[in-house]
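Here is the colleague's note that was requested on this model. Please read the numbered points with the coordinates open.

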Amino acid sequence: MAIRSFFVPFLLLVLWFYSSLSPVLSLYEDQVGLMDWHQQYIGKVKQAVFSTQKTGRRRVIVSTEENVIASLDLRHGEIFWRHLLGSNDVIDGIDIGLGKYVITLSSGGSILRSWNLPDGQMVWESFLQGPKHSKSLLLLPKHEIDCINVVQTNLKIEKDNVIVVFSNDRLHAVSCIDGEVLWKKDFETESFETQQVIQPPGSDLIYVVGFAASSQFEMYQINARNGELLKHESAIFSSGFLRELSLVSSETVVALDSTGSILLTISFQNGEISFQQTPISNIVEDSSGPAVIIPSSVPGIFAIKINSVTIFIRVIGKGKLEVVEKLNQETAVSNALPISESQQAFALVQHAGSEIHLVAKLAHDWDANLLKESIKMDQQRGIPHKVFINNYIRTDRSHGFRLLIVMEDHSLLLLQQGAIVWSREDGLASIIDVTASELPVERDGVSVAKVEHNLFEWLKGHMLKLKGTLMLASPEDVAAIQSMRLKSSEKSKMARDHNGFRKLLIVLTRAGKLFALHTGDGHIVWSHLLHKSEACQSPVGLNLYQWQVPHHHALDENPSVLVISRCGPSSDAPGVLSFVDTYTGKELNSLSLDHAVVQVIPLPHTDSTEQRLHLLIDSDKHAHLYPKTSEALGIFKREFSNIYWYSVEDHNSIIKGHALKCKCTGEVADEFCFDARDLWSVVFPSESEKITATVTRKLNEMVHTQAKVMADQDVMYKYISRNLLFVATVAPKGSGEIGSVTPEESWLVAYLIDIVTGRILYRVTHHGAQGPVHAVFSENWVVYHFFNLRAHRYEMSVIEIYDQSRADNKDVWKLVLGKHNLTSRISLFSRPEVITKSQSYFFTHSVKAIAVTSTAKGITSKQLLIGTIGDQVLALDKRFLDPRRSVNPTQAEKEEGIIPLTDSLPIIPQSYVTHALRVEGLRGIITVPAKLESTTLVFAHGVDLFFTQLAPSRTYDSLTEDFSYALLLITIVALVAAIFVTWRLSERKELQDKWR
Amino acid sequence: MEKGKGVMGSGQRWAVDFSDNSTAPSSRDILDPLGFTRASVDQDDSTVSRQKKDAESNWKAQKAWEVAQAPFKNLLMMGFMMWMAGNTVHLFSIGITFSALWQPISALQGVGKVFEPYKDSKVELLGPKLLFIALNLGGLALGVWKLNTLGLLPTHASDWVSSLPPAQEVEYSGGGIPI
């Protein structure tokens, strides 16, 4: 103990010495990809347009829910190019113009852009503004999307191709070549909601149809050449409409009445509107419940959905309807694809158990199938959600079809000739939670067999390596060595390694699918779609928790994670718990709860099988204990009086603390349910403060020591508490965008609150500051990032909190003999005396996420990981955010590693963790400690995924990757040879001496 | 000598020893020649040898004091080196400090051996020995003092608390913004 303790300063000094020699962590060009991997995704496809011209490569243009426009290779599914639009610039529609431009309409229909198809360069951009009275439309984004349509026309107006856009209550005709608005047309009718813009083929007319009020059908006929209004008709249907239309021909639409029980066929031939009513019960016998129209554009046919049954109905002649097929399985319908002058084809995809059935039909002939195939489909992909059809001409002049389908788990697959040509796991573009799990321990028989294919390969590999180390390798050899290093089977092995670098990252995506990613190379080890049960048809995945992490006892059990999901979108919908084995991806158990889950509190206690106790709070503020075993209850009862919880009500700016009271009173006697009582509350004045960010320490963070040693051997005791909450509030006026308020009207208040007692330990106000606030809490410090309106710059502040009540523990003899109470358990109800130190710095970037490195024992110094606006991750040493920095540090302080104070934090280009890569749409950064103390694993996710290893204080506990083993070996061999030679020489000399 | 034996091996028949044993008669274990009595020779030489011995013991005592004072020079030398080395921890200062610690310790271990040549029934060795020990202890103290100035001695509270784990808290609270 003593030896260790007085070597610590020495060691630290050596560390400091090393780190000050090379303050940046950077890597060499040939190290890229050795420890890091990067995967690119696009998200769930909303719309797809094929471009299969004879010239050029075949590709498909897609727009996704992650706001990406991408061009994918039809052969392999790779990304040719990709653009991520901002989150306030949602894509409404895409199309291809003139065969060489990709046209996108975004941002609520106000931005129209054209991109060059081969390389994705933007060609032009035009802003489409609407009349003033439609301003209210902008406030309802969902509503807007309904009324926006892009219609691609082949009209020639003065040899110019025209794009017709309806947006912001105005019809625009835009030139495809340069984006110039050729004409625009406003509609005078009050509260007119456009549903469809129709351009009958071969005519110069445009029909705009929609509803006004709730029961009036409106039709405008417009000359496509100049935007002149030719005709305006309206008709009233007394029982009103549901806001959905299906187009069955260029002059007929189908709608539903407001009860969803009567089908209305509306025809507006020659500008005359006529209704035909058909009650659904007349054509479908056992129909019950309201129907919904599935949007499609197949001529002559439309589809409705009643409960989960899809019904296809054909329109024959004058408003006569006929059911052609009823499908009980989940079905997706594609849009119509013209395959010849008069024929249009469309596709249906049905889900049936482990297979999906693909059918392609001609629109006018239901009974003939152009294509009928069944394809085996991984059940973990769920049901098909969307299908897009494309055709090609086979060598025998017949039509072949390829289908692009989007599955329930957001994956994208291309099917052709009865097989899956390629698939993309685009669900990984929308990760909502991540946790890490260990890999299985390597046992005999599980192992290494497949490492080297044969002896020759092995020998060749080692010869190459030898050549490399002796610098004899040619450029090709160097490339071969590099690819060998990158593909090393060692890093993707399915077993634990000594240093703890190989782990599984368990991620939960928005589609409700769990993936296990191997940290070695990022491949998917298993995936699991959350099951639907009888009780819950559409579980929404919310959070992931570590349920069982066996390491001491119960080593033969597999670790498992707990997935909390909710049965429906509302916050008081009942919760569902799923327990998933992390080695195999099998769902061990699934519980449908009879209460909602509003908060999940993992407790710091585990039972004998190392299952962690969790407290689930429902919407009535009852606490439910899981697992529901008597052992868990026993452990919980022992700690009953020491368990508290708090809730943040950010809409009315209150933080409340609660304690557990007694067993639930009421309906059923449930031993595992507890009532709570309110203990304290912190009410922020709602007219001046609004909660914008709350951060606590990570539950699994390790802290090595409670003392901070200064240069002059003085000690400061850190105030290390798990029960500390950082809260940032801003002025309600200043909660909008940056620049929307003056500095006088905006402020930011930072609090440190003890969440057991509700005591406010520290409070600081930043005048003229504005959110958004990003913060990270670790050990005894908080770092937060905000905007300073006065300085017009972003700022980062640090608060460090120290325990003053321990400061007089300075008697060496007491400490030597262990007669101190520094490590005994403390109660938070004893009065704390804390002092805080804080400092602020300017920071150039705005920030998307902040995280901090975490290591196994917490000895290694920390780095902040900052997700910048450029979608990169920057590693910034915590030493730059040290409140003890001063302009002229003394010699002793310099020795301690204190950097002279500067006004802004330096951004060193080499300290970008993501080096040359970008994690598009960066949302979160997660750090996981490796077993090796110096190293931490970093996982950044957004639309892309990125993983790497970091050593904040360099790898002081292992030899680096570029350590020259060859030199060591050569030295040893040379030494042995020298010993041998000199021994022989001395022998000989001795013999000669004897004979003399 | 050794080699000769080695060549002869175990089949030794006879050997002539050419070494001169006259100066150290007492170590012989063979019989004295006839008519020679060792005791009478010693008695005859006694007066001469007594004077000789007195001179020798004086010389020895003088020498012993000299040896005992030798570490003092060393001490001054060490002090100078330490002053040169400075107060920062680096290879040179650590080397100096550890040699300053090691020299007195090894010297103290070999106190008996150092004064071996001057051991005599008539020479009082306690004084020189004490001086020698004291001077070496002084050197040791100097080394320890240097170690302390380098900050390598656990004399501060910081040395004892730097690896203390944080105290556990009795209460536990969790929660946050509703999910």
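1. Counted over all chains, the structure, which is a predicted model, holds 33 salt bridges, a salt bridge being a side-chain nitrogen of Lys or Arg within 4 Å of a carboxyl oxygen of Asp or Glu. One of the pairs is Arg113(A) with Asp89(A), whose closest N and O atoms are 3.0 Å apart. This pair links distant parts of the chain, 24 residues apart, with Arg113(A) in strand β8 (residues 111-116) of chain A and Asp89(A) in the loop between β5 (79-84) and β6 (91-97) of chain A. Helices (H or I, at least four residues) and strands (E, at least two) are DSSP runs, numbered from the N terminus.

2. On conventions, residues are numbered from 1 along each chain as its sequence is written, while chains are lettered from A and ligands numbered from 1 in the order in which they are written. Local features need pLDDT of at least 70 and side-chain atom pairs count only at pLDDT 80 or more, whereas totals for chains, interfaces and linings use all residues, and side-chain values use heavy atoms, with hydrogens and water left out.

3. Which chains bury about 4200 Å² between them? They are chain A and chain B, and 62% of that area is on carbon and sulfur atoms, where buried area is the accessible area (1.4 Å probe) that two parts lose on being put together, summed over both. Chain A brings 60 residues to the contact and chain B brings 30 residues, contact meaning heavy atoms within 4.5 Å.

4. Across the interface of chain A and chain B the rule finds zero salt bridges, but it does find 20 residue pairs in polar contact, both residues at pLDDT 80 or more. A polar contact is a pair of N or O atoms within 3.5 Å; within protein, one must be able to donate a hydrogen and the other to accept it, and residues adjacent in sequence count only if both atoms are side-chain atoms. Several elements of chain A each supply at least two residues of the side that touches chain B, among them α1 (2-21), β39 (539-548) and β46 (643-649). The largest share of that side, seven residues, comes from α1(A).

5. The two chains also meet through strand pairing: β46(A) and strand β1 (residues 172-176) of chain B pair in the parallel sense over five bridges, two strands being paired if DSSP finds at least two bridges between them. Trp645(A) stands opposite Gly174(B) in β1(B). Within chain A, strands β18 (residues 241-249) and β19 (residues 252-257) run antiparallel, joined by five bridges, and form a hairpin with two residues between them.

6. Some backbone geometry deserves a look. The peptide bond joining Tyr626(A) and Pro627(A) is cis, with omega about -5°, and Pro627(A) is placed in the loop between β45 (623-626) and α6 (630-638) of chain A. The bond from Gly771(A) to Pro772(A) is also cis, with omega near 0°, Pro772(A) being in strand β55 (residues 769-778) of chain A. His410(A), although not a glycine, has a positive phi of about 70°.

7. For chain B, an unreviewed UniProt entry lists residues 80-105 and 125-145 under "transmembrane region"; such annotations may be inferred rather than shown by experiment, and their positions are given in the numbering used here, with feature names shortened. Residues 80-105 of chain B are 81% helix and 0% strand, with end C-alpha atoms 20 Å apart. Residues 125-145 of chain B are 95% helix and 0% strand, and their end C-alpha atoms lie 30 Å apart.
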